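Please walk through this structure with me, from confidence to core to charged pairs. Keep the sequence and the coordinates side by side.

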Amino acid sequence: MSTNKQLFHGVLPASARATKAKRGMELVNLKSLGIVPGIFGGAANTGGFNTSGDLLTQTIDGFDLNKIWDEYQRATAEQNAVRQTLVDFLTFPVTAPMERVPQIATADFEEASEFGEPRGIRPTGQFFNLGYDFKWYDLAARFTWKFLAEAPRSQVDAINAMALEADNRLIFNKVMDALFNPVNRTATIEGQDVSVYSLYNNDGTVPPTYKSNTFAGTHTHYLASGAASVVSGDLDDMYEHLRHHGYSIENGVQIMLLVHPTEGKLIRKFRVADGDTWDFIPAQGQPTQILDPGTVLLGGGQAASQFAGLNVIGTYGPMTIIEDDFVPLHYMAAIGTGGKANLNNPVGLREHANPSLRGLRLVKGPNADYPLVDSFYNRGFGTGVRQRGGSVVMQVTSGSYAKPSTYGA
């Protein structure tokens with residue numbers, strides 16, 4: 001048998017062999033690439049299944065492909081566990097497609113009588129039925145065996161890093177869109193159309209009464225400042241929109257104000273001496289700032305420099321100011337939060353009811369010997385506002401509120 005026939009024996013059936021290949025159809029020396037597909041055929045000493053020695057097991061610079069696969073699986077697991085801090089701060093995990101969310105309710109004592117039994121208390125607040133949409137998203141890595149035969153480890157890593165960044169950005173954009181978008185959506189759940197709500201948005205929904213505060217169906221938590229620059233009265237209005245629904249420090253809710261650095265620069269100048277309701281008090285670790293000669297801080301003192309990993313620049317009254325370039329320019333969002341993944345957070349982040357289908361998944365390709373070949377990244381999730389009165393968004397503009405173009409589909 002010639003050298004050529006020995007080289008390709010067991011790769012092609014006998015009927016497919018020719019003494020001279022047609023132009024453009026010459027066979028490729030697969031062994032020179034470090035891979036021979038597993039095909040039956042040939043004599044007993046040369047055919048049958050290929051051994052592990054025949055398989056492509058390393059990148060061109062010597063890194064084991066199976067170890068890379070294992071590392072990528074660990075990386076995707078870490079990606080699920082350590083989500084972008086703003087997402088954790090803004091969301092609460094849910095797995096049900098629809099929920100009945102109780103609004104904040106109160107109870108009152110009555111004067112006790114000598115023989116009477118006191119009235120039992122029960123939740124008297126309203127329940128709000130809301131839905132969460134859900135979609136699958138995927139991204140193919142397209143690691144072909146030819147690519148893996150030539151690619152160094154750094155190039156394979158770069159593609160994985162691109163996929164992880166794309167996943168972070170996808171979730172973050174969808175959560176921010178759910179918060180800043182004043183338009184209700186619709187999700188099909190078990191064959192029925194269910195409303196996926198935004199914050200209160202003048203859609204006819206009457207918020208529940210809280211203490212002496214009553215509301216109309218025109219009530220909205222999407223505000224316009226009425227001017228081109230932020231003033232302290234804008235922050236006062238935002239806080240009032242939360243407080244009159246019961247979202248306040250007294251009820252265990254911390255008020256965080258997300259601002260762009262452009263607005264943060266002006267908020268730093270707010271002073272009672274200038275007619276503002278409160279002084280801006282810089283957080284610990286912020287650059288030194290003179291308030292007034294002889295000023296003494298009373299009350300809570302300075303805020304910590306971070307909250308759940310977010311950059312805190314200071315406080316304005318009951319509001320903790322978080323400054324970040326991820327906040328759209330000339331927009332502010334006041335969030336009533338109980339902390340990471342807390343029930344009071346505004347956006348419900350829905351994942352699949354089956355735990356094995358949650359988070360970012362790296363799905364192996366059809367060939368078990370080469371899991372990276374034709375592998376793809378996959379995530380299923382959806383959003384919906386959980387507490388419609390627990391946050392308020394303001395656009396700093398002389399016009400009416402319009403959704404920022406930064407986020408959304």
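The protein chain has a mean pLDDT of 78, and 74% of the residues score at least 70. Where pLDDT is low, the predicted coordinates should not be read in detail.

The largest nonpolar core has 32 residues. Those with the most contacts inside it are Phe89, Leu90, Leu179, Phe180, Leu258, Ile322 and Val393. Several elements each supply at least two residues of this core, among them α3 (85-90), β8 (254-259) and β16 (376-385). The largest share, seven residues, comes from α5. Leaving out residues up to four places away in sequence, Phe180 touches Tyr222, Pro328, Tyr331, Ala333, Val393, Tyr401, Lys403 and Pro404. A second, separate core has 23 residues, including Val230, Leu242, Ile321 and Met332.

Next, Arg388. It sits in the loop between β16 and β17 (391-395). Is Arg388 buried or exposed? Its relative accessibility is 2%, so Arg388 counts as buried. A polar atom of its side chain lies 3.1 Å from the backbone oxygen of Leu199.

Turn to the charged pairs. Side chains of opposite charge can pair when their charged atoms come close. The structure holds eight salt bridges. One joins Asp133 and Arg185, at 2.6 Å from N to O. Asp133 lies in the loop between β3 and β4 and Arg185 in strand β5, so this pair ties together parts 52 residues apart in sequence. Asp133 is buried, at 16% relative accessible area, whereas Arg185 is partly exposed, at 24%.

Glu240 and Arg243 meet at 2.8 Å, N to O. Both lie in helix α6 (residues 232-243), three residues apart, about one turn of the helix. Glu240 is partly exposed, at 31%, and Arg243 is partly exposed, at 32%.

Arg379 and Glu351 form a further salt bridge, with their closest N and O atoms 3.6 Å apart. Arg379 is in strand β16 and Glu351 in the loop between β14 and β15, so the pair links parts 28 residues apart in sequence. Arg379 is buried, at 2%, and Glu351 is buried, at 12%. Asp167 joins Glu351 and Arg379 in a network of salt bridges.

Key: Residues numbered from 1 in each chain as written. Predicted model: local features only at pLDDT ≥ 70, side-chain atom pairs only at ≥ 80, totals over all residues. Heavy atoms only, no water. Core = buried A, V, L, I, M, F, W, Y, C linked by side-chain atoms within 4.5 Å. Buried < 20%, exposed > 50% of the residue type's maximum accessible area, 1.4 Å probe, protein only. Helix = DSSP H or I, 4+ residues; strand = E, 2+ residues; numbered from the N terminus. Contact = heavy atoms within 4.5 Å. pLDDT = per-residue confidence, 0-100. Polar contact = N/O pair within 3.5 Å; in protein donor to acceptor, adjacent residues only side chain to side chain. Salt bridge = Lys/Arg side-chain N within 4 Å of Asp/Glu carboxyl O.
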